[in-house]
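Let us take a walk through a protein structure together. Keep the picture beside you as you read, and look up each part when its name comes along.

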Amino acid sequence: MGNRWIGLLAALALSLCLPACSSTPTSEQDRKDVQRVLEKYLQSVRTADVKLGSEVWLQQPDILVVTPFGRFQGWDGIRDGLYVNFLQKAFTERKLQPSNIAIRIAGDAAWAVFDWTFTAKLANGQPITSNGWESHGYQRTKEGWRIVHLHYSVPPPSPPRTLIK
């Protein structure tokens, strides 16, 4: 009877320890890993690098990007619509600068939200600057964290002076 209790207590202790003693990354390590993917994404935008972009996006047909100039679905749509037609063809220089970054982890899902300033030179040489907000959804995969969703928006136009009192 004593061995049975010892075995039961050992099993109970092990079951309590497993969640805390497991080798899964901590939330802080996950946050750092997502931060690295975010930084790699930012570099892929700055350089309009499709290969680098393919390393941060989940290669699935249901991933989504929502922007003021369109929605893109699946890696092929994101590659062609965002990287090739927008970043590569519309601009000769690009600088995407994030600020106010917040990253949250929830198991195998994570999200990042940040403000951005985009300075660039159009293909015709004209410089532009825009500001806005961006949010990413991430999924943990066997290859590491990958972006599965991106949404960005720009501020609305200022209301007419007659509406501001």
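In what order do the six strands of the open sheet lie? The order is β2-β1-β6-β5-β4-β3, and the pairing is mixed. Strands β2 (70-73) and β3 (91-106) are the edges, each pairing on one side only. On average, neighbouring strands of this sheet are turned by 20° against each other, direction ignored.

Before going on, a word about what you are looking at. This is a predicted model, in which local features need pLDDT of at least 70 and side-chain atom pairs count only at pLDDT 80 or more, while totals for chains, interfaces and linings use all residues. Residues are numbered from 1 along each chain as its sequence is written, and side-chain values use heavy atoms, with hydrogens and water left out. Helices (H or I, at least four residues) and strands (E, at least two) are DSSP runs numbered from the N terminus, and two strands pair if DSSP finds at least two bridges between them.

Now follow the pairings. Strand β1 (residues 64-67) and strand β6 (residues 144-153) pair in the parallel sense over three bridges; Val65 has Leu150 in β6 as its bridge partner. Strands β3 and β4 run antiparallel, joined by 13 bridges, and Ile103 has Ala112 in β4 as its bridge partner. The hairpin of β3 and β4 has two residues between the strands, and Gly107 there takes a positive phi near 70°. Strands β4 and β5 also pair in the antiparallel sense, over 13 bridges, with Phe114 standing opposite Glu134 in β5. Their hairpin has four residues between the strands, and Gly125 in the turn has a positive phi of about 95°.

Next come the helices. Helix α2 (residues 27-47) lies across β3, β4 (109-122), β5 (127-141) and β6, and runs at about 165° to β3. Helix α4 (residues 74-90) packs on the sheet too, touching β1, β2, β3, β4 and β6, and its direction makes about 135° with that of β2. These angles run from 0 to 180 degrees between N-to-C directions, with axes fitted to C-alpha atoms, for helices over the stretch in contact. Contact itself means heavy atoms within 4.5 Å.

What lies in the interior? In soluble globular proteins, nonpolar side chains tend to be buried together. A nonpolar core is a set of buried Ala, Val, Leu, Ile, Met, Phe, Trp, Tyr and Cys residues joined through side-chain atoms within 4.5 Å; buried means under 20% relative accessible area, exposed over 50%, and partly exposed in between (1.4 Å probe, protein chains only). The largest nonpolar core has 34 residues, of which Tyr41, Trp57, Ile78, Tyr83 and Tyr138 touch the most other members. The elements α2, α4, β3, β4 and β6 give two or more residues to this core. Beyond four places away in sequence, Tyr41 touches residues including Trp57, Tyr83 and Leu150.

Ser44 sits in helix α2 and counts as buried because its relative accessibility is 0%. Gly53, in helix α3 (residues 50-54), is also buried at 0%. Leaving aside neighbours within four places in sequence, Gly53 is in contact with Ser44, Trp75 and Tyr83.

The structure holds eight aromatic pairs, where rings of Phe, Tyr and Trp (its six-membered ring) pair if their centres lie within 6.5 Å; planes under 30 degrees apart count as stacked, over 60 as edge-to-face and the rest as tilted. Phe91 and Phe118 form an edge-to-face pair, 5.3 Å centre to centre with 80° between the planes. Phe91 lies in strand β3 and Phe118 in strand β4, so the pair ties together parts that are 27 residues apart in sequence. Both Phe91 and Phe118 are buried.

Finally, look for charges. A salt bridge is a side-chain nitrogen of Lys or Arg within 4 Å of a carboxyl oxygen of Asp or Glu, and the structure holds nine of them. One joins Arg140 and Asp30 (2.9 Å, N to O), linking strand β5 with helix α2 across 110 residues. Arg140 is partly exposed at 26% relative accessibility, whereas Asp30 is buried at 3%.
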